[in-house]
Amino acid sequence: MKRLELTLVAAALAALSLAAASASAQGAAGAAAAAELSLTRLDCGKTTTLNDVSRFSDVMAFKGLNIQLTFSCYLVKHGNDYLIWDTGNPAATGASPAPTAPKISLVEQLAQLHLTPEKITFVGISHYHGDHVGQVASFPEATLLVGKGDWEVLNDPKPNPNVNVANFAHWIGGGGKVEPLAGDKDVFGDGSVIMLSTPGHTPGHHSLLVKLKDKGNVLITGDLAHFRENYDSNGVPTFNTSRAETLASLDRFKQLARNLNATVIIQHDARDIEKLPVFPASAK
């Protein structure tokens, strides 16, 4: 009798275990569906001529090299949440817009995807330079994700004359949520989208890792490197804030790229455009 009772108890426990496993699997499947990822490349301007890029090496490695540069931004869809990565140059306005200005704004591009600025959960910036933050003020309801070192520069009582603090007035004045990041940031909490601390270009510079289901891992540089020759040779621009940090960040980024077999997208290199589908299509 006792043996029968033990057998029944074991069977009941097994059934409960199977039910729990099934519920766990269903929950995981639901979470995976809710966290479906996509990555869309947005137009944030480009140069109209080839550029002398000699200033991007402090050892004079690129003398005579001329490259067309682009200013790219990105939209990451994570279930029902969205991250805008960098906001590029200000959109073209007036009769004589800046040569590098995008023809249509980020807000207008998002409208083509049936999105309004209010739908953007996070706006993450790689760093505070003007060609990466020109349209950040278009997303006042988004939580601003910015490197702690850069946030400190933006809040310095004696602001750097090369930094347009006005772009961030909404967050500096306390009107919006901001997260100053001392290190990496798991944006959505599931490891699928990570802002990587890669200081050196600026004190709080970050790059972006997106783990897509079909395309695989994608690493987006920010301004860790500006073009392929710069990336391949570990070139350090003359205007970076720290040579040692730049080289350490490049080393980390490249090891991640190798270990994750990641697609590397250099944001300013027009030759990297074909690595993602043409807008409005997205990589998944």
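Me: Which residues of E7 lie on one side and which on the other, and are they buried or exposed?

Reply: In a regular strand the side chains alternate between the two faces of the sheet. In this predicted model, Thr143, Leu145 and Gly147 of E7 are on one side, Leu144 and Val146 are on the other, and all are buried. Buried means under 20% relative accessible area, exposed over 50%, and partly exposed in between, with a 1.4 Å probe and protein chains only. Five of the five residues of E7 are buried, so this strand is largely enclosed by the rest of the structure. Strands (E, at least two residues) and helices (H or I, at least four) are DSSP runs, numbered from the N terminus.

Me: Which strands form the open sheet with E7, and in what order?

Reply: Strands of a sheet pair through backbone hydrogen bonds, either parallel or antiparallel. Two strands count as paired if DSSP finds at least two bridges between them. Here six strands form an open sheet in the order E1-E4-E5-E6-E7-E8, with mixed pairing. E1 and strand E8 (178-181) are the edge strands, each pairing on one side only. Strand E6 (residues 122-124) and E7 pair in the parallel sense over three bridges; Phe122 stands opposite Thr143, and Gly124 opposite Leu145. E7 and E8 are also parallel, over four bridges, with Pro180 in E8 as the bridge partner of Val146.

Me: What does Leu144 touch?

Reply: Contact means heavy atoms within 4.5 Å. Not counting residues up to four places away in sequence, Leu144 touches Val123, Ile125, Val136, Trp151, Phe168, Trp171, Lys177, Val178 and Glu179.

Me: How many residues has the largest nonpolar core?

Reply: In soluble globular proteins, nonpolar side chains tend to be buried together. A nonpolar core is a set of buried Ala, Val, Leu, Ile, Met, Phe, Trp, Tyr and Cys residues joined through side-chain atoms within 4.5 Å. The largest one here has 26 residues, and those with the most contacts inside it are Leu75, Ile84, Ile120, Val136 and Leu144. A second, separate core of 21 residues includes Tyr74, Leu83, Val193 and Val218.

Me: Which cysteines does the disulfide join?

Reply: A disulfide is a covalent bond between the sulfur atoms of two cysteines. The cut-off is a pair of cysteine sulfur atoms within 2.5 Å, and Cys44 and Cys73 are joined at an S to S distance of 2.0 Å. This pair links distant parts of the chain, with Cys44 in strand E1 and Cys73 in strand E4, 29 residues apart. The torsion about their S-S bond is about -130 degrees, so the disulfide is left-handed. Cys44 and Cys73 are both buried.

Me: Where does pLDDT stay under 50?

Reply: pLDDT is the predictor's confidence in each residue, from 0 to 100. It stays under 50 over residues 1-32, for which the model has zero contacts beyond four places in sequence. For the protein, the mean pLDDT is 88, and 87% of residues reach 70 or more.

Notes
Residues are numbered from 1 along each chain as its sequence is written. This is a predicted model: local features need pLDDT of at least 70, side-chain atom pairs count only at pLDDT 80 or more; totals for chains, interfaces and linings use all residues. Side-chain values use heavy atoms; hydrogens and water are left out.
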